[in-house]
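Hi there,

Here is the structure I promised to pass on.

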Amino acid sequence: MAHGALGCISAIALFGGTSLYLAGRATFLVLSVRCVRPEQFVAPVVAVLLLPVGRHLPALAALGLLTAFLAALLGYEAWTRRASGRTSRNAIK
C-alpha cells in the first residue's frame, strides 16, 4: 500500500457504500414509480468497477474520482430528463 493510499476496507466502504446507495435508489424507484431507465442499474456496477482503481489512489484522489463519477451521473440524468421533456413539475402531476 502506497503512502496515503486507501486500504482494502476503506475502499470497499467508500465505493461499495456508494454502490449500495445507487442500487437502493434504483430499487426504490422501481417499487414506487415503476419507471426506471436501465442506466440507473448500471451506475452501481460502475461504482464497484471503480473500486480497484480507487484502492491504489491516495485517499483524496479516490474521493475525487468518486465525486467526478457521481457528478457525471447527475449531469447525465439531468440532461436525459431535460431531453425527454420530463421535469420535476411534470413528474408530480
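Let me start with Glu-77, which counts as buried because its relative accessible area is 13%. (Buried means under 20% relative accessible area, exposed over 50%, and partly exposed in between, with a 1.4 Å probe and protein chains only.) Before going further, please note that this is a predicted model, in which local features need pLDDT of at least 70, side-chain atom pairs count only at pLDDT 80 or more, and totals for chains, interfaces and linings use all residues. Residues are numbered from 1 along each chain as its sequence is written, and side-chain values use heavy atoms, with hydrogens and water left out.

Back to Glu-77. This residue sits in helix H4, residues 59-84. (Helices are DSSP runs of H or I with at least four residues, strands are runs of E with at least two, and both are numbered from the N terminus.) Apart from neighbours within four places in sequence, Glu-77 is in contact with Arg-25 and Gln-40, where contact means heavy atoms within 4.5 Å. With Arg-25, Glu-77 forms a salt bridge whose closest N and O atoms are 3.2 Å apart. (A salt bridge is a side-chain nitrogen of Lys or Arg within 4 Å of a carboxyl oxygen of Asp or Glu.) Since Glu-77 lies in helix H4 and Arg-25 in helix H1, the pair ties together parts that are 52 residues apart in sequence. Arg-25 itself is partly exposed, because its relative accessibility is 28%. The structure holds 1 salt bridge.

Now for the chain as a whole. It has 5 helices and 0 strands, so from the N terminus the order reads α-α-α-α-α. Of its 93 residues, 24% are buried. Among contacts between residues at least 6 apart in sequence, 66% join residues at least 24 apart. The accessible surface comes to about 6,400 Å², and carbon and sulfur atoms account for 71% of that; these areas come from the Shrake-Rupley method with a 1.4 Å probe, and for residues only the protein chains shown count as cover.

Ser-19 lies in H1 and is buried, with a relative accessible area of 10%. A polar atom of the Ser-19 side chain lies 2.9 Å from the backbone oxygen of Pro-44. Leaving out neighbours within four places in sequence, Ser-19 is in contact with Pro-44, Ala-47 and Val-48.

Val-30 is another residue of H1, partly exposed at 32% relative accessibility. Together with Leu-31 and Phe-41, Val-30 forms a nonpolar patch on the surface with about 280 Å² of accessible area. (Patches are made of residues with over 30% relative accessible area and no salt bridge, joining like charges within 9 Å and nonpolar side chains, namely Val, Leu, Ile, Met, Phe, Trp and Tyr, within 5 Å.)

Finally, a word on confidence. The chain averages a pLDDT of 85, and 88% of the residues score at least 70; pLDDT is the predictor's confidence in each residue, from 0 to 100. Among the elements, H1 has the highest mean value (92) and helix H5, residues 88-92, the lowest (49). Where pLDDT is low, the predicted coordinates should not be read in detail.

Best wishes

Technical notes
Polar contact = N/O pair within 3.5 Å; in protein donor to acceptor, adjacent residues only side chain to side chain.
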